[in-house]
Amino acid sequence: MNGLIKEMEHYAEANNVPIIEKDSAEFIKKYIKLNDVKKVLELGTAIGYSAILMASTKDDVEVTTIERDEKKYREAVKNVNACELDKRIKLVFNDALDVNLVGQKFDLIFIDAAKGQYIKFFERFENYLNPGGVIITDNLKFHGLVKNKEAIQSKNVKGLVDKIEKYIDFLKGKEDYTTKFYDIGDGLSVSFRKNDENVKTID
Ligand code: SAH
Ligand code: MG
């Protein structure tokens, strides 16, 4: 298992796949244990790295994860099978905004797909949260660029950074949710419903 994780890290490095940073993965694993999370929904599988880390936190974690890029999806299928986690990780090949999950509920929704669509993802998937559930969002610093906008040359990148800033404002302004922001890895947020006193947060 550890060997397979290392191989995935090398593959990600060599192929420019933006997998989760180690500190962020540790944070999420800690959160899963603390709140006894069982059902996870992940938007943005890439090669399955974060899904595999989440599913291996404890034996009763089930992950549904969505990826729209076929090459990455295929790589994820390979990795999940190699780790023998295919019974607990369900890989969905589709655009997250087109997936219908009616009837399913999750304790943790991990938003880690296209950074320009974060508000849409939140609004579409918050209905799938169990009571006591949380939405964790990755890459709120967007590789440090959110704090360093002047240095950005590309219009596309600047557009994405603007969208991440809008998402942060959206979270701060959301009256029915409390969001905690963490300066961990590439920046994480944890959002839960205001009337959910059960949620145990990490300082
Ligand atoms: N969670 C992974 C990294 C995901 S990288 C890990 O930490 O290991 C982001 C992924 O989201 C990319 O592979 C990209 O193809 C995918 N993606 C972006 N927008 C998407 C969408 N709308 N639906 C599904 N997948 C999407
Ligand atoms: Mg990420």
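Modeller: A residue counts as buried when its relative accessible area is under 20%. The model discussed here is predicted.

Biologist: What percentage of the residues of the chain count as buried?

Modeller: The cut-off of under 20% relative accessible area decides which residues are counted. The chain has 203 residues. Of these, the share that counts as buried is 51%.

Biologist: What pattern of helices and strands does the chain follow along the sequence?

Modeller: The chain contains 6 helices and 7 strands. Read along the sequence, their order is α-α-β-α-β-α-β-β-α-β-α-β-β.

Biologist: What is the radius of gyration of the chain, and how does it stand to the globule rule?

Modeller: Along its principal axes, the C-alpha trace spans about 45 × 40 × 35 Å. For 203 residues the globule rule gives 17 Å, and the chain comes close to this, so it is as compact as a globular protein of that length. The radius of gyration of the chain is 16 Å.

Biologist: Which residues of the largest nonpolar core touch the most other members?

Modeller: As a general background, nonpolar side chains in soluble globular proteins tend to be buried together. The largest nonpolar core here has 38 residues, and its largest share, 6 residues, comes from α3. The members that touch the most others are Ile28, Ile89, Leu108 and Ile136.

Biologist: Leaving aside neighbours within four places in sequence, with which residues is Ile28 in contact?

Modeller: Contact requires heavy atoms within 4.5 Å. With neighbours within four places in sequence left aside, the contacts of Ile28 are Ile20, Met54, Leu108, Phe110 and Ile136.

Biologist: Which residues are the protein donors of the magnesium ion (ligand 2)?

Modeller: In sequence the donor residues are spaced D-x25-D-N. The donor atoms lie 2.1 Å from the ion. The residues that supply them are Asp112, Asp138 and Asn139.

Biologist: How many residues apart in sequence are the parts that Asp112 and Asn139 tie together?

Modeller: Both Asp112 and Asn139 are buried. Asp112 lies in the loop between β4 (106-111) and α5 (118-125), whereas Asn139 lies in the loop between β5 (129-137) and α6 (155-173). The pair therefore ties together parts whose separation in sequence, in residues, is 27.

Biologist: Against which elements do the buried residues of α6 pack?

Modeller: α6 has 19 residues and reaches 27 Å from its first C-alpha to its last, close to the 27 Å expected. Its buried residues are Val161, Ile164, Tyr167, Ile168, Phe170 and Leu171. An α-helix has 3.6 residues a turn, so residues three or four places apart point the same way. The elements against which the buried residues of α6 pack are β4, α5, β5, β6 (177-182) and β7 (188-193).

Biologist: At the start of α6, which residue's backbone nitrogen does a side-chain oxygen of Ser154 reach?

Modeller: The side-chain oxygen of Ser154 comes to within 3.2 Å of a backbone nitrogen. A polar contact needs N or O atoms within 3.5 Å. The residue holding that nitrogen is Asn156.

Biologist: Is Glu84 buried or exposed?

Modeller: Glu84 lies in the loop between α4 and β3 and has a positive phi of about 55° although it is not a glycine. The cut-off for an exposed residue is over 50% relative accessible area. At 69% relative accessibility, Glu84 therefore counts as exposed.

Methods: Residues numbered from 1 in each chain as written. Chains lettered and ligands numbered in written order. Predicted model: local features only at pLDDT ≥ 70, side-chain atom pairs only at ≥ 80, totals over all residues. Heavy atoms only, no water. Donors = N, O, S within 2.8 Å, 3.2 Å for Na, K, Ca; no water. Helix = DSSP H or I, 4+ residues; strand = E, 2+ residues; numbered from the N terminus. Buried < 20%, exposed > 50% of the residue type's maximum accessible area, 1.4 Å probe, protein only. Expected span 1.5 Å × (residues − 1). Polar contact = N/O pair within 3.5 Å; in protein donor to acceptor, adjacent residues only side chain to side chain. Core = buried A, V, L, I, M, F, W, Y, C linked by side-chain atoms within 4.5 Å. Rg over C-alpha atoms; globule rule 2.2 N^0.38 Å.
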